[in-house]
Amino acid sequence: MPDIFRQLNADNGVLYTWYEAMHTRIDLILCDRSENHCQETAHQIKQEIARQEKIADRFNPDSELYLLNRTACLHPVVVSEELFHILSDCFDLYERTCQCFDITVQSTIQQEDRVGCVIMDQDQQTVYFSKQGITLDLCGYIKGYTLDKIRTILKEQSIQDALISLGTSSVLAIGNHPAGKGWMVNEVLLTDEVLTTSGNNRTDRQHIRNPRNGKFITGQKEISVITPTGAEGEALSTALFAATPAEQSCILANFSKKYVTTCNLCTNNHDKHTLPL
């Protein structure tokens with residue numbers, strides 16, 4: 001992967017590197033360590049991203065989720081402890097978001113209780129689909145979850161200042177920019193926080209489905225949240241984008257202010273509205 005390193009003093013500097021993964025562009029800025037230290041950390045981050053793709057990419061024939069989606073309707077499937085944890089967290093977020101964050105939304109069956117067709121056995125660590133046509137999609141969760149894993153790597157490597165962007169829609173900011181306090185991202189100053197954005201940045205883009213009817217949500221609009229954790233933020237921005245105004249109020253009531261510090265909705269004319277917290 002290409003990188004640029006700029007020396008700031010005798011010992012430390014700033015590394016910028018970028019590459020393609022998770023069907024998007026990855027950008028890393030790692031600060032205040034030697035070039036070798038930054039490069040080794042960047043390599044560990046790349047390995048972690050690749051590991052998450054092998055677990056949760058439903059389009060990758062070699063991934064655990066791909067196999068689960070194709071066999072869980074036939075018999076209970078034993079999954080890894082990590083995937084079981086991920087799915088459990090997603091179904092918990094389904095309830096906390098008033099059913100607006102729904103990882104079964106890509107299923108071919110559009111009955112009301114698709115989630116109820118996913119049977120999880122904690123003792124056996126298995127997942128079973130009680131009806132054919134169920135598909136699990138973690139695209140609205142896994143980038144945020146991966147950012148949380150990357151945060152752990154940064155801490156283990158004693159990197160206190162860093163910016164990690166997964167496709168610009170999921171951004172982790174740690175510490176400070178070399179030239180000042182915090183990190184300015186999309187006109188928002190971030191300090192030890194995650195910024196996640198869901199929506200359509202073009203009028204012709206349609207990629208998020210309404211969990212109620214399975215239809216793509218149209219129109220150029222985006223919604224962003226700032227949270228301390230990526231997994232929660234990713235699910236929350238997806239849910240708020242799909243929700244009606246009444247549902248948005250219901251969702252936000254389930255999240256403490258310490259978890260949702262700001263929430264802006266960008267419409268066709270790019271006005272910004274602060275949702276009630």
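Select H3 (residues 81-96) and H4 (residues 142-156) to start: the axes of H3 and H4 come within 12 Å and cross at roughly 120°, where axes are lines fitted to C-alpha atoms, for helices over the stretch in contact, and angles run from 0 to 180 degrees between N-to-C directions. H3 and H4 are therefore oblique to each other, given that angles under 35 degrees count as roughly parallel, over 145 as roughly antiparallel, 65 to 115 as roughly perpendicular and the rest as oblique. Their crossing is right-handed; a crossing is left-handed if the near helix is turned anticlockwise from the far one by less than a right angle, and right-handed if clockwise. Show side chains next for Glu-82, His-85 and Ile-86 of H3 and for Ile-142, Tyr-145 and Lys-149 of H4, which make the contact (heavy atoms within 4.5 Å). By class these residues divide into 3 nonpolar, 1 polar and 2 charged, with Ala, Val, Leu, Ile, Met, Phe, Trp, Tyr, Cys and Pro counted as nonpolar, Asp, Glu, Lys and Arg as charged, and the others, Gly among them, as polar.

This is a predicted model, in which local features need pLDDT of at least 70 and side-chain atom pairs count only at pLDDT 80 or more, while totals for chains, interfaces and linings use all residues. Residues are numbered from 1 along each chain as its sequence is written, and side-chain values use heavy atoms, with hydrogens and water left out.

**The whole chain**

Zoom out to the protein chain, which has 6 helices and 14 strands; helices (H or I, at least four residues) and strands (E, at least two) are DSSP runs, numbered from the N terminus. Of its 277 residues, 49% count as buried, where buried means under 20% relative accessible area, exposed over 50%, and partly exposed in between (1.4 Å probe, protein chains only). Among the contacts in the chain with a separation of 6 or more, 55% are accounted for by residues 24 or more positions apart.

**Around H3**

Return to H3 and color its buried residues, which are Glu-82, Leu-83, Phe-84, Ile-86, Leu-87, Cys-90, Phe-91, Leu-93 and Tyr-94. The elements that cover them include H1, helix H2 (64-71), E5, strand E6 (126-129), H4 and H5. The end C-alpha atoms of H3 are 23 Å apart, which agrees with the 22 Å that its 16 residues should span at 1.5 Å a residue (the expected span is 1.5 Å times one less than the number of residues).

**From H4 to H5**

Select H5 (residues 230-242) together with H4: their axes come within 6 Å and cross at roughly 160°. That angle makes H4 roughly antiparallel to H5, and H4 passes H5 in a right-handed crossing. On the H4 side the contact is made by Lys-143, Gly-144, Tyr-145 and Asp-148, and on the H5 side by Gly-230, Ala-231 and Glu-234; these residues divide into 2 nonpolar, 2 polar and 3 charged. H5 itself is mostly covered, with 13 of its 13 residues buried, and from its first C-alpha to its last it reaches 18 Å, close to the 18 Å expected.

**Positive phi values**

Most residues other than glycine have a negative phi. Which residue with a positive phi follows H3? Step past the end of the helix to Cys-98, whose phi is near 55°. Select Gln-99 as well, in the loop between H3 and strand E5 (118-121); its phi is positive, about 70°, although it is not a glycine, and Gln-99 counts as partly exposed at 35% relative accessibility. Then move to the loop between strand E10 (188-190) and strand E11 (193-200), where Asp-192 is found. Asp-192 has a positive phi near 55° and counts as partly exposed at 40% relative accessibility.

Finish in strand E12 (residues 221-227) at Glu-222, which is partly exposed with a relative accessible area of 25%. The C-alpha atom of Glu-222 is separated by 6.6 Å from that of Thr-197, 25 residues apart along the chain.
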